[in-house]
Structure formats: structure tokens, C-alpha cells
Amino acid sequence: MPPRRRGSSGFHGVRARPNGRFYAEMRAGGFRLTLGTYNTPELAARAYDAAAWRFRRPRCDMNFPDVESLEEAEFLAPTPCLVDDEDRRRHRQVQRRIAIAEHDEELMRQWRAQFPNDVDNTAAFFADLRAQRRSNRRHRRAVAVFELDNPNTTWADNDPRWDDIWTETTSDDE
């Protein structure tokens, strides 16, 4: 009997997925046993070998013949990535959010193309708002510095306006 052909991954029972991950499966008694999806072909092959030991397959069917026992194969095999209903629900929720965000981005692109004056007006509005906030910070800091230098200040020691002395007035963060 000719030797079994190995898949594109180079291992028995391991196939490459289109997304770059690797799928491990074993056929036993007319059934296909799914072993899971893994990030590397070596991890999928280790999972295949652990299942092969459990099913008492011949060593020539195994990917790593240097493994001497079932315990060693199970120790080297990765834990399977189980997908439950909660994972599926979270995945659907994330996919819906991504679809909504992509739709919003497309609508914003269309709006920008259709109303370029509104885009310019919005940018000018926020630039004016930043300049006004910067001016207000400078004024508050100047008042706080004046009160600090004034020996007859009316501010209490725990007045929050003292914090304006430390206010940064050169950044455009706000």
C-alpha cells in the first residue's frame, strides 16, 4: 500500500484554511472527527497526533514519531479552541457593529463629497472653538498668577482656581 499523501501543510490530517489558520481532523469508523482550528500547522499536527494515540493508530500515521506515549502526546498537544453559543453571539454582535461603522463611513464619504462647504465650515467652527478655549485658559492662568502675587488675595487655600496656575496654555488638545 502506498504511503498516504500529506496535505498542503505537510502534516497528516491538517489542512490550511483560507484565513491562514490550520484545521485538524481525523477520520475514524466512517466519521469525521473535528479536532479544531489552530494558528500554526505544528499545533494542528500535535492535536492530530494526540487523537491518533487515543485511537491507537499506527505510528506511521503520526506526524511526530518521536513521541513515545499518549501522555506525552497529550502534554504536547494544544488545548482545543472550543466555540460555544456565547462566542457565536459575540462574533455576530461584532460583525454587526463593523457593518454599521462601515456604512457610517460610506455615508460620511458621500456627505463630504456632496457638501464640501459644510466640511470647511465644521473645520472652521472647531478651530475657533479651540482658539476660544486656549484664550480662556490663558485668562484663567493670568488671573491665578495675579492672585498669587497679590498679598491681599480673597481666594482660600483650597480654592480650585489655584490649579489654573499649572494649566498648560500652549497645547491644542481641547
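The model is predicted: local features need pLDDT of at least 70 and side-chain atom pairs count only at pLDDT 80 or more, while totals for chains, interfaces and linings use all residues. Numbering starts from 1 along each chain as its sequence is written, and side-chain values use heavy atoms, with hydrogens and water left out.

Stop 1: Select strand S1 (14–16), strand S2 (22–28) and strand S3 (31–38); strands are DSSP runs of E, at least two residues, and helices are runs of H or I, at least four, numbered from the N terminus. They form an open sheet in the order S1-S2-S3, with antiparallel pairing (strands pair if DSSP finds at least two bridges between them). S1 and S3 are the edge strands, each pairing on one side only. Seven bridges join S2 to S3; to find one partner pair, pick Ala24 and then Gly36 in S3.

**Stop 2: the core.** Next, show Val14, Met26, Leu35 and Ala44, which touch the most other members of the largest nonpolar core, a group of 20 residues. Such a core is a set of buried Ala, Val, Leu, Ile, Met, Phe, Trp, Tyr and Cys residues joined through side-chain atoms within 4.5 Å; buried means under 20% relative accessible area (1.4 Å probe, protein chains only). H1 gives the most to this core, with eight residues.

**Last stop: Ala44.** Leaving aside neighbours within four places in sequence, Ala44 is in contact with Val14, Phe22, Ala24 and Tyr38.

Technical notes. Buried means under 20% relative accessible area, exposed over 50%, partly exposed in between (1.4 Å probe, protein chains only). Contact means heavy atoms within 4.5 Å.
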